[in-house]
Amino acid sequence: MAKDADAFRTIGELSSELGVAQHILRYWETRFPQLQPLKRAGNRRYYRPADVALVERINRLLNEDGYTIRGVQKVLAGKSEERDGGGRPESDARPTLPPELLTELKRLRADLAAALER
(Lines give C-alpha, C1' and ligand atoms only; values in the text may rest on other atoms or scores of the structure.)
Protein backbone atom coordinates (compact mmCIF):
# COMPACT_ATOMS: atom_id res chain seq x y z
CA MET A 1 0.00 0.00 0.00
CA ALA A 2 1.47 3.36 -1.05
CA LYS A 3 1.61 6.31 1.32
CA ASP A 4 -0.60 9.32 0.85
CA ALA A 5 1.05 12.14 -1.13
CA ASP A 6 0.86 14.40 1.94
CA ALA A 7 2.47 11.87 4.29
CA PHE A 8 5.97 12.37 5.64
CA ARG A 9 8.64 10.06 4.21
CA THR A 10 11.57 8.54 6.05
CA ILE A 11 14.99 8.74 4.45
CA GLY A 12 14.74 5.04 3.57
CA GLU A 13 11.41 5.47 1.83
CA LEU A 14 12.58 8.50 -0.11
CA SER A 15 15.80 6.75 -1.04
CA SER A 16 13.87 3.78 -2.43
CA GLU A 17 11.37 5.94 -4.31
CA LEU A 18 14.05 7.98 -6.09
CA GLY A 19 16.77 5.36 -6.39
CA VAL A 20 19.21 7.67 -4.58
CA ALA A 21 21.37 6.29 -1.76
CA GLN A 22 20.64 7.54 1.75
CA HIS A 23 24.14 8.93 2.19
CA ILE A 24 23.62 11.03 -0.95
CA LEU A 25 20.43 12.52 0.53
CA ARG A 26 22.31 13.36 3.73
CA TYR A 27 25.12 14.91 1.64
CA TRP A 28 22.60 17.05 -0.26
CA GLU A 29 21.40 18.43 3.09
CA THR A 30 24.92 19.81 3.62
CA ARG A 31 25.05 21.37 0.14
CA PHE A 32 21.54 22.76 -0.19
CA PRO A 33 20.43 24.84 2.82
CA GLN A 34 16.85 24.84 1.48
CA LEU A 35 16.66 21.11 2.22
CA GLN A 36 15.93 20.72 5.91
CA PRO A 37 13.83 17.66 6.76
CA LEU A 38 12.39 17.34 10.24
CA LYS A 39 14.75 15.55 12.61
CA ARG A 40 13.43 13.58 15.55
CA ALA A 41 15.11 11.65 18.33
CA GLY A 42 18.28 9.96 17.18
CA ASN A 43 18.47 12.27 14.14
CA ARG A 44 15.72 10.34 12.35
CA ARG A 45 14.79 12.33 9.25
CA TYR A 46 11.24 12.89 8.09
CA TYR A 47 10.77 14.52 4.70
CA ARG A 48 7.66 16.71 4.29
CA PRO A 49 5.95 16.88 0.89
CA ALA A 50 7.80 20.15 0.14
CA ASP A 51 11.12 18.45 1.03
CA VAL A 52 10.25 15.52 -1.25
CA ALA A 53 9.49 17.92 -4.13
CA LEU A 54 12.81 19.72 -3.54
CA VAL A 55 14.77 16.44 -3.46
CA GLU A 56 13.05 15.34 -6.69
CA ARG A 57 14.03 18.66 -8.32
CA ILE A 58 17.63 18.40 -7.11
CA ASN A 59 17.82 14.81 -8.35
CA ARG A 60 16.43 15.78 -11.77
CA LEU A 61 18.80 18.71 -12.16
CA LEU A 62 21.84 16.68 -11.14
CA ASN A 63 21.15 13.29 -12.67
CA GLU A 64 18.98 14.04 -15.69
CA ASP A 65 19.75 17.61 -16.72
CA GLY A 66 23.47 17.34 -15.98
CA TYR A 67 23.88 20.30 -13.65
CA THR A 68 26.79 20.39 -11.23
CA ILE A 69 26.27 20.83 -7.48
CA ARG A 70 27.26 24.49 -7.82
CA GLY A 71 24.90 24.91 -10.77
CA VAL A 72 21.97 23.50 -8.77
CA GLN A 73 22.91 25.77 -5.84
CA LYS A 74 22.69 28.76 -8.20
CA VAL A 75 19.34 27.64 -9.60
CA LEU A 76 17.88 27.12 -6.13
CA ALA A 77 19.25 30.46 -4.93
CA GLY A 78 17.61 32.16 -7.91
CA LYS A 79 20.94 33.36 -9.35
CA SER A 80 20.56 31.26 -12.48
CA GLU A 81 17.58 30.21 -14.55
CA GLU A 82 16.61 26.60 -14.89
CA ARG A 83 16.55 25.75 -18.56
CA ASP A 84 14.12 23.45 -20.33
CA GLY A 85 15.40 20.60 -22.42
CA GLY A 86 18.45 19.99 -20.27
CA GLY A 87 20.21 23.17 -21.36
CA ARG A 88 22.78 24.41 -18.88
CA PRO A 89 24.52 27.68 -18.28
CA GLU A 90 27.92 27.79 -19.99
CA SER A 91 29.79 27.53 -16.68
CA ASP A 92 28.08 24.18 -16.00
CA ALA A 93 28.20 22.83 -19.56
CA ARG A 94 29.61 19.38 -20.19
CA PRO A 95 30.23 17.62 -23.47
CA THR A 96 27.17 15.79 -24.76
CA LEU A 97 27.52 12.03 -24.50
CA PRO A 98 25.94 9.51 -26.83
CA PRO A 99 22.82 7.95 -25.22
CA GLU A 100 24.37 4.46 -25.23
CA LEU A 101 27.43 5.68 -23.32
CA LEU A 102 25.27 7.61 -20.86
CA THR A 103 23.17 4.48 -20.22
CA GLU A 104 26.30 2.41 -19.66
CA LEU A 105 27.77 5.00 -17.27
CA LYS A 106 24.54 5.11 -15.27
CA ARG A 107 24.57 1.30 -15.05
CA LEU A 108 28.18 1.35 -13.84
CA ARG A 109 27.32 4.02 -11.24
CA ALA A 110 24.46 1.86 -9.97
CA ASP A 111 26.74 -1.20 -9.81
CA LEU A 112 29.35 0.77 -7.85
CA ALA A 113 26.72 2.10 -5.45
CA ALA A 114 25.44 -1.45 -4.89
CA ALA A 115 28.98 -2.68 -4.25
CA LEU A 116 29.57 0.06 -1.68
CA GLU A 117 26.39 -0.86 0.19
CA ARG A 118 27.57 -4.46 0.69
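**Entry 1: Arg-60 and Asp-65**

I began with Arg-60, which counts as partly exposed at 29% relative accessibility. The model is a predicted one, and I read every value below with that in mind. I then looked for the charged partner of Arg-60 and found a salt bridge with Asp-65, in which the closest N and O atoms are 2.9 Å apart. Asp-65 has a relative accessibility of 12% and therefore counts as buried, the cut-off for that class being under 20%.

**Entry 2: Asp-51 and Arg-48**

I turned to Asp-51 and noted a salt bridge with Arg-48; the closest N and O atoms lie 3.0 Å apart. Is Asp-51 buried or exposed? I recorded a relative accessibility of 5% for Asp-51, so this residue counts as buried. For Arg-48 I noted a relative accessible area of 28%, which makes Arg-48 partly exposed.

**Entry 3: Glu-29 and Arg-45**

I next examined Glu-29, which forms a salt bridge with Arg-45, with 2.8 Å between the closest N and O atoms. Which parts does this pair tie together? Glu-29 belongs to helix α2 and Arg-45 to strand β3 (residues 44-47), so the bridge ties together parts that are 16 residues apart in sequence. I checked the accessibility of each partner. Glu-29 has a relative accessible area of 14% and is buried. Arg-45 also counts as buried, at 16% relative accessibility.

**Entry 4: Salt bridges overall**

How many salt bridges does a search of the whole structure find? I recorded 7 salt bridges for the whole structure. I kept in mind that side chains of opposite charge can pair when their charged atoms come close.

**Entry 5: The nonpolar core**

I then looked up the largest nonpolar core and noted that it has 18 residues. Leu-25, Trp-28, Tyr-47, Ile-58 and Val-72 are the residues with the most contacts inside this core. Which elements give two or more residues to this core? I listed α1 (11-18), α2 (22-31), α3 (49-63) and α4 (69-77). The largest share comes from α3, with 6 residues. As background, I noted that nonpolar side chains tend to be buried together in soluble globular proteins.

**Entry 6: Val-72**

I left aside its neighbours within four places in sequence and found Val-72 in contact with Phe-32, Ile-58, Leu-61, Leu-62 and Tyr-67.

Definitions and conventions:
Residues are numbered from 1 along each chain as its sequence is written. This is a predicted model: local features need pLDDT of at least 70, side-chain atom pairs count only at pLDDT 80 or more; totals for chains, interfaces and linings use all residues. Side-chain values use heavy atoms; hydrogens and water are left out. A nonpolar core is a set of buried Ala, Val, Leu, Ile, Met, Phe, Trp, Tyr and Cys residues joined through side-chain atoms within 4.5 Å. Buried means under 20% relative accessible area, exposed over 50%, partly exposed in between (1.4 Å probe, protein chains only). Helices (H or I, at least four residues) and strands (E, at least two) are DSSP runs, numbered from the N terminus. Contact means heavy atoms within 4.5 Å. A salt bridge is a side-chain nitrogen of Lys or Arg within 4 Å of a carboxyl oxygen of Asp or Glu.
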